[in-house]
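Notebook open, model loaded. I jotted these entries down as I looked things up.

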Amino acid sequence: MNGPFDFALALADDALIAAQRLAEWTTRAPEMEEDIALANIALDQLGAARLLLSYAGEVEGAGRDEDALAYLRDDREFRNALLVELPNGDFAVTMAKLFFLAAYQLPLYTALAGCADQRLAAIGAKARKESAYHLDHGALWVKRLGDGTEESHRRMQAAVDQVWPYTHELFAADPAAPVDPATLRPAFDEVVGPVLAEATLTRPDSGWAPGGGRAGVHTEHLAYLLAEMQVLHRAHPGAQW
Amino acid sequence: MTDARTAAASVVDPEIRVITIDELGILRAVEEDPASGRVTVTITPTYTGCPAMDVIRADIRRALAAAGHPDAEVRTVYSPAWSTDWISEGGRAKLAAAGIAPPAPVTAAGVVPLTLAVRCPQCGSPETEQVSRFGSTACKALWRCRSCSEPFDHLKAL
């Protein structure tokens, strides 16, 4: 990454793609309360994405607004980490993704709140309060499923094992950025370790670390997600509710 | 002609219709240019993704126009970030009267861990439990009273 545009875009795309994935649960969650919870979290992510995309557009200065950036870029132009574009899988996979993302976003937004860029600082101060609730919600489910029945434990462990390699990309060093993601890793580990332990889950060994999202090299899943997210706007340019 | 501040402050929140945007603490400033009569209103969202913001902006412009201030601009700021501590005492009383348990004070550390009892707004019992951290709107959680069995909304401390 280089420059404030790429940095804001990376954060915005994480939030936007996470929102789109979470919204897929709407009307399909295992219980009504969870349906509402996931939709609420998706809305928070969308709110942060809109602020960050608008800011990225202003920084770029090429006349692209939040809609142009969200709806008129192809997959190679998206800068989100691979973690957020992974399919939802079963409920345990969704919770593993939610938990790890929130454990990264909370220290990220907290650090952002104190950075020199005033616009990013304001967004960080706002979004971190919401991330704290996401983290709480994800941690609650990881513990409930991990320390639940034999079957829920098996599936939660499988989900953690599946998603874990994708967490490393979130902390790729970028010393020139307003917040260097590498500095967030200790806070992430401090939160994740005790929750996995309480959930009677084994923290996977860190080995394979897929990446490329920040450079626009994505899994095959992102293009399908974008096709659904962008189809209306591309068919009817400038359409509004 | 009603003054601009009074007109803007009278707008009710579209999702919690018992409380005004002033009482909710999202109305940050109302400034009127004495020469041109142009009014600039500054608001801040409760949550970043609050879907009521567009309606609130339109309601403010409508209220100002009705009060004799047709030339109005509504600005949105994100800093300092809204906190439930900004809800006025009068606003808290109105929430409780409408069956919505008001939020606990926010500590310096940020979000309050849920150790404080939330009193049932129907019967006043502290014997309550959280059903869901996320409720009917972004700012509310769903609770239930163990004494009178009534479910109720609780405005989350933020």
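This is a predicted model: local features need pLDDT of at least 70, side-chain atom pairs count only at pLDDT 80 or more; totals for chains, interfaces and linings use all residues.

Started with chain B: from the N terminus on, I read its elements as α-α-β-β-α-β-α-β-β-β-β. That makes four helices and seven strands; helices (H or I, at least four residues) and strands (E, at least two) are DSSP runs, numbered from the N terminus.

Residues are numbered from 1 along each chain as its sequence is written, while chains are lettered from A and ligands numbered from 1 in the order in which they are written.

Of the chain B contacts (C-beta atoms, placed from the backbone, within 7 Å) with a separation of 6 or more, 52% join residues 24 or more positions apart.

I found 114 residues in it, and A:Ala12, A:Leu52, A:Leu83 and B:Ala8 touch the most other members. Helix α5 (residues 91-112) of chain A gives the most, 15 residues. Domain 1 (4-76) and domain 2 (85-155) of chain B both contribute, so the core lies between them; those bounds come from an automatic or database domain assignment.

I followed up A:Leu83: beyond four places in sequence, its contacts include A:Phe100, A:Leu101, A:Val163 and A:Tyr166.

Then the contact between the chains: 21 residues come from chain A and 16 from chain B. On the chain A side, α2 (32-60) and α6 are the elements giving two or more residues, and α6(A) has the largest share, 11 residues.

Last stop, α6 (residues 118-146) of chain A. Its 29 residues reach 41 Å from first C-alpha to last, close to the expected 42 Å (1.5 Å times one less than the number of residues). I did find a bend of about 30° at A:Arg128, taken as the angle between axes fitted to the seven residues ending there and the seven starting there. Most of α6(A) is covered, with 21 of 29 residues buried.

Terms used:
A residue is buried if 20 or more other C-beta atoms lie within 10 Å of its own, exposed if 12 or fewer, and partly exposed in between; C-beta atoms are placed from the backbone. A nonpolar core is a set of buried Ala, Val, Leu, Ile, Met, Phe, Trp, Tyr and Cys residues joined through C-beta atoms within 7 Å. Two residues are in contact if their C-beta atoms, placed from the backbone, lie within 7 Å.
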